[in-house]
Amino acid sequence: MRKNEILTAFFIAKKNIIKNKNSLLFTILIISLGFISSIIIYGVLQDVSYDLQENFIETNMGHVILEPYENQDKIENVGNVVEKIKILPNILGVAKITKKSARIYDEDENYIDTQILVINPKEFSEVSVIDNIIEKGDFLYNGENDKILLGCVNVESCNEIKAFDTIKLDVGEKARIVSNGYPETFLTLKGIYDHRYIEIEATSYINEETAKAIFSDYDSTKADQIIILLPEREYAGETIEELSKMNLNVKISGWEEKSSKFSSVVDSFTIIGNI
């Protein structure tokens, strides 16, 4: 009896398939297209994620990042730390960074809020491509004490996306700088850099001489970050291992850990892409 029921069910199913052949083929086609689309989307997102990671690595993140521990304010004796790093193999560049924040006004009192990175321009050009993507004006130099570099997204004449706050400022013009706890000052726009990622363009740059002039507590022997550029991503692991043996008293992170926040979207497609 059980065998007869199975045969009957099979016969009915076969009859329905033959009878509704067009509907079945259409259903299979839709399912197949959905499956293929998920694989394509996964591949595209992987490419976007890789590209975004590379852009952050080559602008202001590097392959390896050194930061103070949570119970520390800054990396101390940063010059000594940098010199120790430079003796390691595969080091293309090392640069220290101090982070500040400010509100920048134009003459019409339009303003932007921006993060300012204090850099040594010569060192920074060895770990970053910012100096190679100047849209107008020039990159910063050592020795100047009143210049600032802005991204296109912050400048009205350069920003094509009108949804963001901008200031009317051209190269050579002065902007008023306001930062909590410090006197107001004026800086001259030295240059404007253009990058296709807004997250990168939102950062502004000044050199150490300018930082000393406008931030009374700036100390060139301390830093918020030290970034290291390597020939390839693959060298990060062994470089971190070598750094961990040097007792530098800093937190050491690789590019992968730092870029995880914009890789999480791609990770959600991993299961679909690997089916």
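The questions and answers below concern a predicted model.

Biologist: Where is Asn120 found?
Modeller: Strand 3 covers 111–119, and helix 4 covers 121–124. Asn120 is found in the loop between strand 3 and helix 4.

Biologist: Is Asn120 buried or exposed?
Modeller: The cut-off for buried is under 20% relative accessible area. Asn120 has 14% relative accessibility, so Asn120 counts as buried.

Biologist: Which backbone nitrogen does the side chain of Asn120 reach?
Modeller: Set aside residues up to four places away in sequence, and Asn120 touches Asn142 and Glu208. The side chain also reaches a backbone nitrogen at 3.1 Å. That nitrogen belongs to Lys122.

Biologist: Which helix holds Phe124, and is Phe124 buried or exposed?
Modeller: Phe124 lies in helix 4. Its relative accessibility is 1%, therefore Phe124 counts as buried.

Biologist: Which residues does Phe124 contact, leaving aside neighbours within four places in sequence?
Modeller: The partners of Phe124 include Thr59, Asn60, Ala95 and Ile97. Ile119, Ile130 and Phe139 are also among them.

Biologist: How far apart in space are Phe124 and Asn207, C-alpha to C-alpha?
Modeller: In sequence, Phe124 and Asn207 are 83 residues apart. In space, C-alpha to C-alpha, they are 10.0 Å apart.

Biologist: Which residues touch the most other members of the largest nonpolar core?
Modeller: This core has 40 residues. Helix 2, strand 1, helix 3, strand 2, strand 3, strand 9 and helix 7 each supply at least two of its residues. The residues touching the most other members are Leu66, Ile85, Phe124, Tyr205, Ile226, Ile228 and Leu243.

Biologist: How many residues are in the second, separate core?
Modeller: Ile104, Leu189, Ile192 and Phe215 are included in the second core. This separate core has 23 residues.

Biologist: Are Cys152 and Cys158 buried or exposed?
Modeller: Buried means under 20% relative accessible area. Cys152 has 2%, so Cys152 is buried. Cys158 has 18%, so Cys158 is also buried.

Biologist: Is the link of Cys152 and Cys158 right-handed or left-handed?
Modeller: The angle about the S-S bond is 40°. The link of Cys152 and Cys158 is right-handed.

Notes. Residues numbered from 1 in each chain as written. Predicted model: local features only at pLDDT ≥ 70, side-chain atom pairs only at ≥ 80, totals over all residues. Heavy atoms only, no water. Helix = DSSP H or I, 4+ residues; strand = E, 2+ residues; numbered from the N terminus. Buried < 20%, exposed > 50% of the residue type's maximum accessible area, 1.4 Å probe, protein only. Polar contact = N/O pair within 3.5 Å; in protein donor to acceptor, adjacent residues only side chain to side chain. Contact = heavy atoms within 4.5 Å. Core = buried A, V, L, I, M, F, W, Y, C linked by side-chain atoms within 4.5 Å. Disulfide = S-S within 2.5 Å.
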